Amino acid sequence: MFELFGISSQALFGQLLIGLINGSFYALLSLGLAVIFGMLNIINFAHGAQYMLGAFAAYFLLQYAGLGYWWAILLAPIVVGITGIIIERLFLQWLYKLDHLYGLLLTFGLALIFEGTFRNFFGSSGLPYSVPPALQGGQNLGFMFLPNYRGWVVVFSLAVCLTTWFVIERTKLGSYLRAATENPALVRAFGINVPRMITLTYGFGVALAALAGVMAAPIYNVSPQMGANLIIVVFAVVVIGGMGSIMGAIVTGFGLGLIEGLTKVFFPEASNTVIFIIMAIVLLIRPAGLFGRSA
Amino acid sequence: MKRMFTLTAVAVVLGCGCAQAQYTDGTIKIGVMNDMSGTYSDLSGQGSVIAARMAVEDFGAAAKGMKVEIVGADHQNKPDVGSNVVRTWIDVDKVDVIVDVPTSSVALAVNEIVRDKNKVFLVSGAAASDLTGPKCTPNTIHWTYDTWALANGTGKAIVKTGGDTWFFLTADYAFGHALERDTAAVVEKNGGKVVGRVRHPFPGTDFSSFLLQAQASKAKIIGLANAGSDTINSIKQASEFGITQSGQNLAALLAFITDVHALGLQTAQGLIMTEAWYWDLNDANREFTKKFAPQFKGVHPTMVHAGVYSAVTHYLKAVEALKSDADGKAVVAKMKEMPTDDKLFGKGEVRADGRKIHPMYLFEVKKPAESKAPWDYYKLRATIPADEAFRPLAEGGCPLVKS
């Protein structure tokens, strides 16, 4: 096989695949954020905490109800989505007419409350959650050993992302949603219940975050900090992709995962910062993001 | 008449002042600073404050007429935050001694500040052996463990049983570098070879790409030069990628009982680690644990917590003997002069370079079937006697040691 900059092609492909797997988490999370910001104009800083809530919901379902991973994939997003709807009804609906900053501050405060409460009860070392039996083991691909579960993560995230994009951009429901964001008064005049659509959209965005959390539970530590570490990177991804663009979030999520994977091979110490460097460069050249529409 | 009264009053005040001990501000203020919310909060955190409180109670400070106050703070693993807290504590709040401080980068920063302000620094949580090496000061005592002791314990034991090629996965900050350096030295001294290393950002979440590089190196042993959640995630993900199944072994160079608890025995079984203290070693430790655990959400004390207890106890003894806590250098000199003796570590001593000496223990994590109760995780493989466990005094490069 060939060698590139001293790294064998085997190692390179292995790292690219890992990067793709990480990218699928970035894509899922940034999709939720992009949906919420694109549709609702709320900067949802609680997204990381809601990702954490999804993982904890999966853990609780296993511990106290004996329901395994497959149930958790279905139920945890619904449960956390409902808490999202409650938050929207109680707090967020008063902030739509105000500056973006208020939504940011509120959701940031909520994130701190959630994380602090969970850390108080569960500590920070994390709780164990094992890979479901059906997905254990792995395939020896020759250039690396791919755990089945990680392969599933890529496939499933891709499916969810593409389905969401399709619903929003290509169906009637999606077109109502997009219209309601641009001109709520006119859309209401047509008899469409705009506030309810907005509430459900926020719930859906939160459910996406929780889904990412359930998928992360077996491989990353289920700990109260898991969202805080990830959310900053995800925001950078959304900014690079363009704040309102769904396809942008998906493409950028996977793309940046790949770039971060490459950085870990050639210059591992910078792997935490490379995404922010790219964000700075993109903002200088295209302030609206790669796929964003300038307002 | 009034002048007589004033003179008498002045005389009484002066007389009272000379008879009592002179503590700055009338109080001995102990500042426990560590990570209360992040990677290291279970192995230190609020538990260290609890351990300090238990030390003060067991010492009987109140009965001896000594007023002791304990304050806690979160340094968030950031040297700038830790430095600011310590400066405010010393300048404004009149704190006399800083205790614990895991995260070696923060400890090294605090080390300098405490020396400049002539207070006392008792390190229980941090690991970098530089604290008793080139960076030693007359105001600091490194209490519980350090990277040299870990390398000497775990590293030597693993090389001797055949693990002679190593690949390091290192946390990219002061502690990781120190641990990697000390372990690499031990490996090479005992006939092994270091075939590669990779540094991951601290704190990290996903180690899959670094573990892949470790796998590609074909080293027999993958040395994890990190701690807390980083170690936990590295071990979990290594097992996921079939690393342990395909013949490579992990060496958790710094692991605490809280890490094993988070991993679960199924994943952690067989891990070898070096620790200075274990709750189930003897009756005194068990008794301490019975009082400690309910106060800390059932979490059993780690060696860091035990170290805080022991350090605070010895500090209070020294301050009582000196009848003063004002001069940090004098207190530390007294602590080095008096042999240590407390119920958790037994008899020991503090060396000239600020290193506290006690035996270290090599533990292996039990298999799930061998564990009778939660937190019953370790079996004792070997005891390293105190005079062999730590770096020899002459080799440290500490300016305080006259060669």
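Predicted model: local features only at pLDDT ≥ 70, side-chain atom pairs only at ≥ 80, totals over all residues.
1. Residues are numbered from 1 along each chain as its sequence is written, and chains are lettered from A and ligands numbered from 1 in the order in which they are written.

2. Chain B has 14 helices and 15 strands (DSSP runs numbered from the N terminus: H or I of at least four residues, E of at least two). Its C-alpha trace spans about 95 × 45 × 35 Å along the principal axes.

3. Of its 403 residues, 58% come out as buried (20 or more other C-beta atoms within 10 Å of the residue's own, with C-beta atoms placed from the backbone).

4. Now the helix pair: the axes of α5 (residues 147–160) and α6 (residues 174–189), both of chain B, come within 8 Å and cross at roughly 40° (axes are lines fitted to C-alpha atoms over the stretch in contact, with angles running from 0 to 180 degrees between N-to-C directions).

5. Who touches whom? On α5(B), the contact is made by B:T147, B:W148, B:L150, B:A151, B:N152, B:G155, B:K156 and B:V159; α6(B) brings B:A178, B:L179, B:D182, B:T183, B:V186 and B:V187 (contact: C-beta atoms, placed from the backbone, within 7 Å).

Definitions and conventions:
Contact = placed C-beta atoms within 7 Å. Buried ≥ 20, exposed ≤ 12 C-beta atoms within 10 Å, placed from the backbone.
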